[in-house]
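Let's take a walk through this one together. Have the sequence and the model open side by side, and we'll go from the overall layout to the details.

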Amino acid sequence: ARAGQIRRAPGRAGPPLLLRMYWWLSLQEGQPIYLAVKGVVFDVTSGKEFYGKGAPYNALVGKDSTRGVAKMSLDPADLTHDTTGLTEEELKSLDDIFNNVYKAKYPIVGYTSRRILNEDGSPNLDFKPEDQPHFSIKDEF
Ligand code: HEM
């Protein structure tokens with residue numbers, strides 16, 4: 001069975017439709033929301049009002065959206081890690097949002113392969129995890 005799929009037990013009618021819909025919704029509710037900026041993966045679940053389904057910045061989710069954040073653009077062409085040709089101002093704005101929004105508000109849960117591996121797939125020995133000095137896991141509880 002695929003994850004998240006609701007299946008009836010053989011020979012049984014299964015729960016009533018409304019109950020199944022409610023269950024499905026509750027599963028959706030429980031999914032964490034991730035996005036990456038500069039190869040750093042953040043758990044932005046606490047910003048559901050920005051990133052959740054139907055929310056204004058939902059398009060940034062599930063990918064490295066560095067370019068879009070730098071340019072304040074939701075154009076699909078900008079929803080990429082690629083920073084080629086960004087202006088000084090856009091790069092400054094990117095770092096500002098990276099530090100003062102993402103690193104300040106959301107826990108880091110990982111890194112994209114681009115950030116931790118070389119082009120040939122070997123480990124990048126220069127990789128250093130980001131520090132998140134104003135953020136400790138304790139803040140979550
Ligand atoms: C009419 C255009 C826009 C308006 C009026 C607007 C307004 C806002 C406001 C008021 C906030 C702060 C909300 C809060 O902290 O409570 C915000 C946050 C943000 N905006 Fe926009 N915005 C616009 C367009 C965009 C676009 C096109 C992007 C594309 C990337 C963008 C990216 C963001 C991001 C990343 C945040 C931070 C969300 C967070 O705290 O996680 N905005 N915007």
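What pattern does the chain follow, read along the sequence? Reading along, you get α-β-β-α-α-α-β-α, which gives 5 helices and 3 strands in the chain. Keep in mind that this is a predicted model. Burial is worth a glance at this stage too: of the 141 residues, 16% count as buried.

Start with helix α1, residues 17-29. Its 13 residues reach 18 Å from the first C-alpha to the last, close to the 18 Å expected at 1.5 Å a residue. As for cover, α1 has hardly any: the count of buried residues in this helix is 0.

Now for the sheet. The 3 strands form an open sheet in the order β1-β2-β3, with antiparallel pairing. At the edges stand β1 (34-37) and β3 (108-111), each with a single partner strand, so one side of each has no neighbour in the sheet. Direction ignored, neighbouring strands are turned by 30° against each other on average.

Let's look at the pairings one at a time. β1 and β2 run antiparallel and are joined by 4 bridges; Val37, for instance, has Val40 in β2 as its bridge partner. The hairpin of these two strands has 2 residues between them, and Lys38 there takes a positive phi near 55°. On to the other pairing: β2 (residues 40-43) is joined to β3 by 3 bridges, again antiparallel. Here Val41 stands opposite Gly110, while Phe42 stands opposite Ile108.

Phe42 brings us to the nonpolar core. In soluble globular proteins, nonpolar side chains tend to be buried together. The largest nonpolar core in this model has 15 residues, and Phe42 is among those with the most contacts inside it, along with Leu35, Val37, Val44 and Tyr51. β1, β2, α3 and α4 each supply at least two residues of this core, and the largest share, 3 residues, comes from β1.

Next, the ligand. Which helices each supply at least two residues of the shell around the ligand? They are α3 (66-71) and α4 (88-105), with α4 giving the most, 3 residues. If you want to pick out the shell on screen, select Gly47, Phe50, Tyr57, Gly68, Val69, Met72, Ser73, Leu74, Ile97, Val101 and Lys105. By type, these residues divide into 7 nonpolar, 3 polar and 1 charged.

Is Phe135 buried or partly exposed? It has 15 other C-beta atoms within 10 Å, so it counts as partly exposed; being buried would take 20 or more. The C-alpha atoms of Phe135 and Tyr106 are separated by 8.2 Å, although these two residues are 29 residues apart along the chain.

Definitions and conventions:
Residues numbered from 1 in each chain as written. Predicted model: local features only at pLDDT ≥ 70, side-chain atom pairs only at ≥ 80, totals over all residues. Near = placed C-beta within 6 Å. Nonpolar A, V, L, I, M, F, W, Y, C, P; charged D, E, K, R; others polar. Buried ≥ 20, exposed ≤ 12 C-beta atoms within 10 Å, placed from the backbone. Pairing = 2+ DSSP bridges. Axes fitted to C-alpha atoms, helices over the stretch in contact; angles between N-to-C directions. Expected span 1.5 Å × (residues − 1). Core = buried A, V, L, I, M, F, W, Y, C linked by C-beta atoms within 7 Å.
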